[in-house]
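Try each task before reading its solution.

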Amino acid sequence: MFSQSVPTTSAKTKKSKLTGHVLTSNNQPIAGATVLIKETETSIMTNSKGMFLTTLEDGTYTIIISYIGFKNSERQITISDATSLDFTMEANSHELDQVVVKGSKAIDVRSTQMSINRLSMEEIKKIPVVMGEADPLKSILTLPGVTNSGELSSGFNVRGGANDQNLILLDGAPVYGDSHMFGLFSVFNADIVNSLDLYKGGIPSKFGGRVSSVLDVNQQTGDFEKYHVNGGIGLISSRLLVQGPIKKDKGSFILAGRASYGHLFLKLDKNNNVIRFYDLNSKLNYRLGTNNTLTFSGYLGNDILDFKKEFVTTFGNTMGNLSWKHTFSDNLNTNLSAFYSEYKFDFGVPTESYTWENNVKTYGLKYNWNQTVSEKLKLNYGFEGIYYNFNPGTIQPTDSESQINYKQLDKKYAFESSIYLDLEHQITEKLNLRYGLRYSMFYRLGAEKINTYENGQAVVYNPLYNIYQEGNPTGSIQYKSGEIINTFKNFEPRAALSYTLDKNTAVKISYNRMAQYIHMLSNSQLALPMNIWTPSGPFTKPQLLDQFTTGYFKNFSDGDYSFETELFYKKNKNRIDYIDGAGILGNNNIEQVILNGKARSYGAEFFFRKNTGRFTGWVSYTLSRAEQKTPGRTAEEPGIAEGNWYLSGHDKLHNLSVVSSYNLSSKWSLNTNFSFQSGRPTTYANGYYEFAGLKVSNYTLRNQNRLPLYHHLDLAATYTPKPDKTKGWQSYWVFSIYNLYNRHNAASMTFSSNDDTGINETKKLSIYGLVPGVSYNFKF
């Protein structure tokens, strides 16, 4: 009886582990590829390194791998023990793009990750933009919940958040400036971008330091076997990329550069002003055996704006990141990296004979571990440390005739550290959880002299004039170099849940708390990216955000169509606000013009995609509200906007994008982009008063008005002369028209008196009308 109750060894079904890497023909990992096991009718997705892991009963299986822009790869395999295989995918012959940004078009309903947007390079290169050059950053503006401040503006806003609340990473290192030429181009060269992920909510624990979003951009890895060259020539800029082996199968390099020359056309009209930019990207890889890889990534970019009679400015980023990736086993790998990142902005006024220099430098160390405990449990954990050096301004005369004296504003120093743990847990076949915790610490450091104020208030309220004014220091405290001025510590829990209703449908919810310890100071509507950063300290508290999101996700017709909708609510503590008339530039006591308030945003996002066929594209729509509130500190104080909620400068009630692509033939494709947004909140004059014989405008409460509706239609046609050519010289043309019906969208409104008549008048500033573009692109 006993022997019958216990199953024999031969009756047990043996299972083995299958590990795979999905790569392009030049050894680029493909993240987000779909791996289908035909016999079991199950599918899994590759991770950011192109890897997948599953457990199967011993036997013979047919593996089918699919990914947009590549031919399906099918292979029959036999498993009897733990097996590791590489799968190489071949690009479609009519695609010129070298690589595809990670992400499948169909929704991964099983994944707990929500509020994330991914676009393939194929899609990015088809979205019409000004001057016809593909732009990864501009492409995300077509997605739900993402807007910018209008034309001729840098940065982007996510779910009502400010520009400085976005963490932008390039190969893991932070980037503080994201655009060239007043926002006309982004700093990301599409030729070298390998992956671009925008996290809007449900943000994993490995990310921190900002409260609105994370834009995680990674550069390509150079080819280890062959040399390649590709590039493009446009109307005002050109680009070139070179890649190949340093030592075959051991080391590789990739270099990409861009430069503009539009200012040369100005000289034809006897205009000596200069508006130009350049940037250089690089990535070097070297394999130290099968389990170790050293990687260096670099970026250098600058803009030069020289308006001879008005101002001269240069600004840009410098970034370097050295990383060591080590694989302990198929279940455990690590990435140790050290980085340096700097953003600088120099501004000079020749007629006044002075310059103003500002920069922020960061030095960082990260160590990340990825561990697969089982097929149902995966861990991601590690630590991060960042040292900040802020120079808010060095003002110096340029000649002996200048009326400006040398002045060095107080430099500021800080150190931020964090540890984190993230768990991905499959509870049942239908229920998946991801939960984790990040613990962050921030130290404001000397050397610095900190002012003291009566009642600890650097901003005081004047009831006689009903205004806020700068407080008068009562003394100061001198802190030595490295001495701790303030300490802030925060727990940042994260959680996400996905419940699969069927193989094509899921509902998801997520929550994340995030802390932000550095703040960008800007109360100007100028297009110039005067990104003056300051750390949290005695008068500026860290921003804390709580975000709640829920959504419904569905694929139709085997992934040919997909639909997703999300509801979100964000509340933000300690959002800085400015008193009326606040001066930022050259202010050594910035605490005298800012108050601590709060912000909130909420809304609904809808995203529908057609993923396959000759006609593809998507429609995204967001209905949302973004508000800010800075109440009075006492019952007598009115606060900002009388202490009530008021629209933030990033509020866009309606945001609609329609993107489409139609393959007319193997040689021609037609692409369109229609954008419609509510006008940006602003403050209009509602009258005027006379003072000393002058008419002075009187304004409403803050942001009670809006600019006119913003909309434009863009068109692009791509022509590939020889679509079937796969070797030698390959090329295609892009012809584009930005703002097809010549809409003059308002960038700003100004109110003044006419010099001749004395009558008050309103002037609208518009940047772009209809803008044609053409670019020639090639590779060999």
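**Exercise 1.** What is the area buried between domain 1 and domain 2, and which elements of domain 1 supply the side that touches domain 2?

*Solution.* 

Step 1. Buried area is the accessible area (1.4 Å probe) that two parts lose on being put together, summed over both. Between domain 1 and domain 2 it is about 1000 Å², with carbon and sulfur atoms giving 38%.

Step 2. Now look at the domain 1 side: β1 (15-24) and β4 (51-57) each supply at least two residues of the side that touches domain 2. The largest share, 4 residues, comes from β4. Strands here are DSSP runs (E, at least two residues), numbered from the N terminus.

Step 3. Check the charges: the count between the two domains is 0 salt bridges, a salt bridge being a side-chain nitrogen of Lys or Arg within 4 Å of a carboxyl oxygen of Asp or Glu.

A word on the source: this is a predicted model, where local features need pLDDT of at least 70, side-chain atom pairs count only at pLDDT 80 or more, and totals for chains, interfaces and linings use all residues. Residues are numbered from 1 along each chain as its sequence is written, and side-chain values use heavy atoms, leaving out hydrogens and water.

**Exercise 2.** Which strands does β5 join by bridges?

*Solution.* 

Step 1. Start with β2 (residues 34-37), which runs antiparallel to β5 (residues 59-66) and is joined to it by 4 bridges. Here Leu-36 stands opposite Ile-64. Strands pair if DSSP finds at least two bridges between them.

Step 2. Next, 7 bridges join β5 to β6 (residues 73-79), again antiparallel. In this pair, Ile-65 stands opposite Ser-73.
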